[in-house]
Each structure stands twice: as C-alpha cells, then as structure tokens.
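User: I would like to go through the labels used for this model. For each one, tell me what it rests on.

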Amino acid sequence: MPGDSPLPSRLSLRGDGGFDRSRRGRFRGGRFGAVLTAALSAAVLLFSVGGWSLYAYANGNVTHVDLDLGDDRPAADHDVENYLLVGTDSRAGTGDEYGGSSLVAGQRSDTTMLIHVAEDGATTMVSFPRDTLVVIPEYTDAAGKVHKKHRGRFNSAITDGGPSLLVKMIESLTGMRVDHYVSVDLAGFKQITDAIGGVDVCVLPSDFKDHFQDDNKRWRVSTNTNDTMSGWSGGPGTLHVNGEQALAFVRQRHGFMQGDIARINRQQQFLGAVLRKATSGDVLTNPLKSSALLRAATGAVTLGNTTLDELMALGLSMKGMAAGTMHVETLPTRAPGLADGGNPDNGTLPGFGAVQLYDPVDLAKIVMPLGGQVEGVTLEDTTASATPGPVTVPPAQVAVAVYNGSGTSGLAAKVTTALVREGFQATSAGNADPRAASQVRYGPGQEQAAWTVQAAVPGSIARADSTITGIHLILGSGYTGVVAPAMAGATPAAGTTPAAPAAAAPQGPPPPPCTL
C-alpha cells in the first residue's frame, strides 16, 4: 500500500496526460454500481490535467498481476470493451477488522461488477450478489491439485483460484470475454475515502432486527443502524463518514430485511456521494487532497491484462455516473425453497449453507443484449412471456409427460409426484437435452390445458409444438417448484389478499439526503 509521503515535488498537475480521450461514454438510465469506480473516475480527472511525469508516477504505483486464462474463452470482440471490477475483502494487514474472521483466509470478491462499453460508448454495469450459487470451472490450485467443475458461492472463486479463476467463472457464466481486470481491497478503499475527506450518507429508520450466528456460531442481533459484524453504528439520518466508518457502511450485510441486495443498494448510494465529492472543486483544486487521492487510488488498484491507458478509458466512460445516467443491472436472486431441497426458514441449502439462487433466463436477459450467452438459454426463451393465459382447464383433465432437462438427477420423478398431488395425470418420461428455463410444449388443440401446467410450474414457458400430440413438461435448471394453479374467476381463500404488483425499480440518480 502507498505510504503517507506527498507526491514528488517535480510532478505537475498541469498539461496533457497523454492518454486517449476518444472513448467517452454515452449513458442510459439507471442507478450506480459500486464504490471502486468512483476513485478510478476521480483519478482520471487528475490525469487529464497532469503531465507525463504524473502519468509515469501513477503507472509505477499500480500493481499488475498475470492472468492465466488459457484458450477456451468467449470470442474477442474488438469493437467493445468488457471490464471486470472487483472490490475484494482481502484482510492482509488488517487482522480481524471489518467484520473479518480468523476462519476466513485470503480474499473474497466482496463486490463484483462487469462493465460493458459498447462500440458507440454506451456503458452498462452488471452487479453480481456475492452469495449467488454458481458453477465454478475446473482449476488447478497452487499445490498442483486439480479441482473439477463444481457448484459454489460466487465470491469463493477468487479465494480458491485467484483472479484467473474469477475471470474464467464470469466468462463461463455470461459468455462474455473479460478484456480487463481491475480490483481494490479494503485497506485501499479506506485510504481513498480518507483522501477526499469523507462523504455524507443517508440511513433510513427501520424496525427490522436480524438474528443470526456468526462464523464462530455465536448468536448476534443487528439492525441497519447498529451492526457489530461490520462495526457500523449510526443513524437514522444524514451522517458524515470517513474511511473507517465508510468501510463499515458499505460492508454491512446484517440488519437488512433484503440482506446482500440491501448492501448493494447501500454501495450504490455511497458511490454517488464519493464520485460527486472526488470530482468537486474542493478536491481537484486542493493540492493536498488531489495528490492524496492519486496516491490512494493508484496504490490500491491491481490490474490484470490491463494497461493504465485502458483504465483511463474506462474512467472517461464513467464520468457520467455522478448524474445517475449509467445503465445498471443487478442479477436477480432468491433464497432456496423447498423445491430446491432447501430450508425456506433460514434460506440455507444443504452442502452450501446460506446462498442465493438465480434463474438463468434472468441472467440471459441481461447479458444477451451485451453480446453474451447463457448455457441452455435461447433468445426465444428471453423474449417469451412466462405468464400463462387464463386457467380454465382443471388439473384433473390434464395429462402431462415430465422430462428432466435440469441436470438434477431424479427431478422428473419428484416433479411428477408433486403434479399428481395437485390433481394432474402426470407421468415421468425420462431425460431431455439440458436447458435453463422449464418449457411446457403442447400439440394442436392443447393450448388451454398447457396454460394449466404452466401456471403450476412458475417460471416455465409454454410453446406450441406440432410434432407432439399431448403436453410435455421439460424441466430446466431454473425450476423452482410446483404450486396449485389458480382457476380463472376463482375467489381468493378467506383471509388472503391478492398480491399487489411489484413496484418498478427506481431509475435515475439516487434520492437526496434523508428527510426525516
């Protein structure tokens, strides 16, 4: 990490930084991504008014790592750039601070974003919740032991196989080639925030209390204003936070009803505050603050297969973030349920603990427009509606053959039993080609009966198929369970209230400071 000494006196903050300014992004509606990019964007502004000596200093202050990615990768597209930005919770030199544990070694990807810069400069940021259960590619560890492809937590890839394995996992998951790797760790983030003098954050009131066990199996209670795991304590209201408090603010993940998603939202809020402060005249015209920011931002950064020029191009593409105009996506996830073999009471899955699951079709809808591809998902899957038509045919009048294309052994038999329990004439018919989304394929004259099956299997997609005479349910890896289909015109059971439609995700810049 960089020391506390000022920049060499010979370094000027005037002149041309010598990098390409041609890749200015044109931004679309959305919200912020994560904290790391704020420091990078602010550093770009310093380079843009600095001379060659300033550029040389920054380049020498950045850490570089070699990525071993092999040849089995998505094809390169020279008209676009894909950056993998990673905020790691490496605790080297920090002991058990920041909610750490002696049981956790090395580093984990605390915040991971894939940033796509299109040919026309339009920029999209995709965030991945760190507890998402994904497929980890085969890799060889430092001791030479080969680990076969397996399922694991998203943030474990960098712990098990370093940045190379994380990049391979992202490429396998999205079908998008990662051109550039950028990361920063906790200690570096603290220095970045201290360099700009801290920022104001908003903590809203909440009555939710989170009861949980820590890594040492001790029971704890956290709220959004008091979390002993991260060390955050403050609010509700508008608060000014420095490096130590900022780390606790963005790392808190207990005390929220939405868990890790709430933490991503908190990071998104904080990013806007950091970027606005870092690009303000208070920092850029102050030699002490601007040089401290440059030291912290470049000293905290690790680059893989990426030059400082390419990092500068990314920063230029992200200068519109302060206005809240970048297109931002977060992979939708959910807790395991009974149909997944999990415990819905605590969101755990045997063998994996507390994890989040995702629907491959949801991921495909995000990455396909960016040139990506999700295994087992077709464009037809992403454009079709998963909403069935009105259910007018009772389950007892519907015969359905169940096929297993999920990759989970025995699932067809399990689902057949569940459908029979709901009144269907269901039979297990064997295996099918792997796929992500479950499909209800129906022959001529079977459309309305197919809607009944589709309503019983949430997330499934109904398709006409003139080559069959009945109804085939082909289970995909995104299967979530069987429910009782609600007949059209049925009166809700006593004591129940129809669910309100989900509110649309907020767009545009984050809300102003708290008004309590």
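Analyst: This is a predicted model. Start with Glu138, which has a relative accessible area of 44%. Buried needs under 20% and exposed over 50%, so Glu138 is partly exposed.

User: What makes Lys148 and Glu138 a salt bridge?

Analyst: The N to O distance between their side chains is 3.7 Å. The limit is 4 Å, so the pair counts as a salt bridge. Lys148 lies in the loop between strand 7 (146-147) and strand 8 (150-153). Glu138 lies in the loop between strand 5 and strand 6 (139-140), so the pair ties together parts 10 residues apart in sequence.

User: How do you know that Arg253 and Asp131 form a salt bridge?

Analyst: Their closest N and O atoms are 2.1 Å apart. That falls within 4 Å, so the term applies to Arg253 and Asp131. Arg253 sits in the loop between helix 5 (243-251) and helix 6 (260-278). Asp131 is in the loop between strand 4 and strand 5, so the pair ties together parts 122 residues apart in sequence. Asp131, Arg153 and Arg253 are linked in a network of salt bridges.

User: Which labels do Arg253 and Asp131 get for accessibility?

Analyst: Asp131 has 12% relative accessibility. Buried means under 20%, so Asp131 counts as buried. Arg253 has 21%.

User: What makes helix 13 mostly covered?

Analyst: Of its 10 residues (447-456), 8 are buried. Among them are Trp451, Val453 and Gln454. The cover includes helix 12 (411-421), strand 20 (399-404) and strand 24 (471-475).

User: Why do strand 21 and strand 23 count as edges of the sheet?

Analyst: The sheet is open, with 5 strands in the order 21-20-24-22-23 and mixed pairing. Strand 21 (425-431) and strand 23 each have a single partner strand, so one side of each is left without a neighbour in the sheet. Neighbouring strands are turned by 25° against each other on average, direction ignored.

User: How do you know that strand 20 pairs with strand 24?

Analyst: 4 bridges join the two, which run parallel. Pairing needs at least two bridges, so strand 20 and strand 24 qualify. Val402 stands opposite Leu473 in strand 24.

Methods: Residues are numbered from 1 along each chain as its sequence is written. This is a predicted model: local features need pLDDT of at least 70, side-chain atom pairs count only at pLDDT 80 or more; totals for chains, interfaces and linings use all residues. Side-chain values use heavy atoms; hydrogens and water are left out. Buried means under 20% relative accessible area, exposed over 50%, partly exposed in between (1.4 Å probe, protein chains only). Contact means heavy atoms within 4.5 Å. Axes are lines fitted to C-alpha atoms, for helices over the stretch in contact, and angles run from 0 to 180 degrees between N-to-C directions.
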